[in-house]
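Work through the exercises below with the sequence and the model open. Each task is followed by its solution.

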Amino acid sequence: MSITCSSFVISGHQKPSISIKCTGDLNSVTAADIRKAVGEYIHSGVELIYIDAKAAKDADLPGINEIIHSHYTLSAASIRLIFLYQQGSAVDKWVNTTGINKFLHTAIVPAS
């Protein structure tokens, strides 16, 4: 899995937002990479971070738990997290199993 971070500006927002894009699997192996990437932006002044897992091929509970951990870490720093994933994917199945979409913001893209 690879983590790629980029900054972008949303119309109407003064501060930039961050995209943390995950490719490959969202699992226990990559959880540390996500935690490190999120940690780099805690004191950066951003207001919004997207974790983009729509390209993730597989997922497991530790990977989803890292998204939950990221949500709570960012909330404590007054940074909003939006978790982006693809409908019908392995990530979607874990979102439905855990119900994380009930307490954090999610964005779902249709299956291709």
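**Exercise 1.** In which loop does Ser 89 lie? Then decide whether Ser 89 counts as buried or exposed.

*Solution.* The model is a predicted one. Step 1: Ser 89 sits in the loop that links β4 and α3. Step 2: its relative accessibility is 10%, and buried means under 20%. Ser 89 therefore counts as buried. Step 3: the Ser 89 side chain reaches the backbone nitrogen of Val 91 at 3.3 Å.

**Exercise 2.** Describe how β3 pairs with β2 and with β4.

*Solution.* Step 1: β2 and β3 run parallel and are joined by eight bridges. Within this pair, Ile 20 stands opposite Ile 51 of β3. Step 2: β3 also pairs with β4 in the parallel sense, over five bridges. Here Leu 48 has Arg 80 in β4 as its bridge partner. Step 3: follow the connections. β2, α1 and β3 form a right-handed β-α-β unit, and β3, α2 and β4 form a right-handed β-α-β unit as well.

**Exercise 3.** Which residues touch the most other members of the largest nonpolar core?

*Solution.* Step 1: this core has 28 residues, and those touching the most other members are Leu 26, Ile 49, Ile 51, Ile 67, Phe 83, Val 91 and Ile 100. Step 2: two or more residues each come from β2, α1, β3, α2, β4 and α3. β3 gives the largest share, five residues. Step 3: take Ile 49. Beyond four places in sequence, the contacts of Ile 49 include Ile 18, Ile 20, Leu 74 and Leu 81. Nonpolar side chains tend to be buried together in soluble globular proteins.

Definitions and conventions
Residues numbered from 1 in each chain as written. Predicted model: local features only at pLDDT ≥ 70, side-chain atom pairs only at ≥ 80, totals over all residues. Heavy atoms only, no water. Core = buried A, V, L, I, M, F, W, Y, C linked by side-chain atoms within 4.5 Å. Buried < 20%, exposed > 50% of the residue type's maximum accessible area, 1.4 Å probe, protein only. Helix = DSSP H or I, 4+ residues; strand = E, 2+ residues; numbered from the N terminus. Contact = heavy atoms within 4.5 Å. Polar contact = N/O pair within 3.5 Å; in protein donor to acceptor, adjacent residues only side chain to side chain. Pairing = 2+ DSSP bridges. Right-handed = clockwise from strand over helix to strand, strands pointing away.
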